[in-house]
Amino acid sequence: MIFDLSKTSSIANVFISEIRDEHIQKDAMRFRTNMERLGEFFALEISKTLSYSPAETQTPLGVAKTLSLTEQPVLATITRAGIPMHSGMLRIFDRAECAFLAAYRKAHKSGSLEIALEYVSTPDLTDKIVIMADPMLATGMSMVLCCKELMGRYKIKALHIVSAIASTEGLRHVRANLPKAKLWLGAIDEEMTSKSYIVPGLGDAGDLAYGTKI
């Protein structure tokens with residue numbers, strides 16, 4: 001299943017437009033805020049696919065018939081770029097446990113690219129719904145590596161992948177390697193540079209949110 005925000009009429013498309021805008025990007029706080037808003041939006045959309053049970057809530061004037069979420073998902077993210085989107089999702093799933101992974105690109109002299117995983121911190125994911133957020137799905141290698149690491153450790157019930165912008169190549173790679181994952185995407189771009197940056201994309205999401213790394 002693929003949810004493509006760009007195919008819908010939603011205010012969230014404005015947030016996508018602003019995180020792409022090279023002038024608005026100069027305001028790091030607004031960039032982070034828009035990523036957080038997208039996290040909230042996707043969390044709400046994913047919440048519509050989850051299971052609920054009838055409940056009763058005592059008000060000052062009586063008892064209201066309500067709904068209760070049957071189980072909390074686990075929110076996972078690839079740091080550092082994924083933190084703002086993760087924060088937005090955590091505002092919606094405010095009782096969720098969280099997992100954090102760190103992956104980085106290793107470029108070789110030949111021009112080939114390798115993704116290395118250097119940190120994993122996670123609760124028990126056995127029989128859990130996992131929502132993995134990373135704002136950019138470029139080659140898809142980081143996403144596949146991190147998800148397979150978690151799936152190798154735990155028997156995950158369901159996997160949701162959230163990205164603000166994906167490349168067609170990255171999308172193909174994820175679908176080929178994680179065929180059961182549900183994908184929630186803000187936009188899908190056709191091209192990538194030789195250094196595997198999405199075009200038109202938005203640049204480096206981590207740098208835009210937190211400053212240029214060295």
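**A buried glutamate and its surroundings**

Start with Glu36, which sits in helix 2, residues 28-47. Helices (H or I, at least four residues) and strands (E, at least two) are DSSP runs, numbered from the N terminus. The model is predicted, so local features need pLDDT of at least 70 and side-chain atom pairs count only at pLDDT 80 or more, while totals for chains, interfaces and linings use all residues. Residues are numbered from 1 along each chain as its sequence is written, and side-chain values use heavy atoms, with hydrogens and water left out.

Is Glu36 buried or exposed? Glu36 is buried, because its relative accessible area is 18%. The cut-offs are under 20% for buried, over 50% for exposed and in between for partly exposed (1.4 Å probe, protein chains only).

Which residues does Glu36 touch? Leaving out residues up to four places away in sequence, they are Pro84, Ser87, Gly88 and Arg91. Contact here means heavy atoms within 4.5 Å. With Arg91 there is also a polar contact: the two side chains are joined at 3.1 Å. A polar contact is a pair of N or O atoms within 3.5 Å; within protein, one must be able to donate a hydrogen and the other to accept it, and residues adjacent in sequence count only if both atoms are side-chain atoms.

Ser47 is buried because its relative accessibility is 13%. Beyond its neighbours within four places in sequence, Ser47 is in contact with Tyr52 and Phe93.

**The aromatic cluster**

Rings of Phe, Tyr and Trp (its six-membered ring) pair if their centres lie within 6.5 Å; planes under 30 degrees apart are stacked, over 60 edge-to-face and the rest tilted. The count by this rule is 4 aromatic pairs. One of them joins Phe3 and Phe42 edge-to-face, at 6.4 Å centre to centre and 90° between the planes. This pair links distant parts of the chain: Phe3 is in strand 1 (residues 2-4), Phe42 is in helix 2, and 39 residues separate them. Both Phe3 and Phe42 are buried.

Phe3 also pairs with Trp184. This pair is tilted, with 5.4 Å between the centres and 35° between the planes. Again distant parts of the chain are linked: Phe3 in strand 1 and Trp184 in strand 10 (residues 182-189) are 181 residues apart. Phe3 counts as buried because its relative accessible area is 16%. For Trp184 the value is 3%, so Trp184 is buried too. Phe41 belongs here as well: Phe3, Phe41, Phe42 and Trp184 form one aromatic cluster.

Next comes Ser167, in strand 9 (residues 158-167). At 1% relative accessibility, Ser167 is buried. What does Ser167 touch, apart from residues up to four places away in sequence? Its contacts are Leu137, Ala138, Ile188, Asp189, Met192 and Ile198. Take Ile198: 31 residues from Ser167 in sequence, but 6.1 Å away in space, C-alpha to C-alpha. The side chain of Ser167 also has a polar atom 2.8 Å from the backbone nitrogen of Gly170.

**Backbone details in the loops**

Val199 and Pro200 are joined by a cis peptide bond, with omega near 5°.

Phi of Ser196 is near 65°, a positive value in a residue other than glycine. Ser196 counts as buried because its relative accessibility is 13%.

Asp127 also has a positive phi, near 60°, and is not a glycine either. Where does Asp127 lie? Its place is the loop between strand 6 (113-121) and strand 7 (129-133). Asp127 counts as partly exposed because its relative accessibility is 48%.
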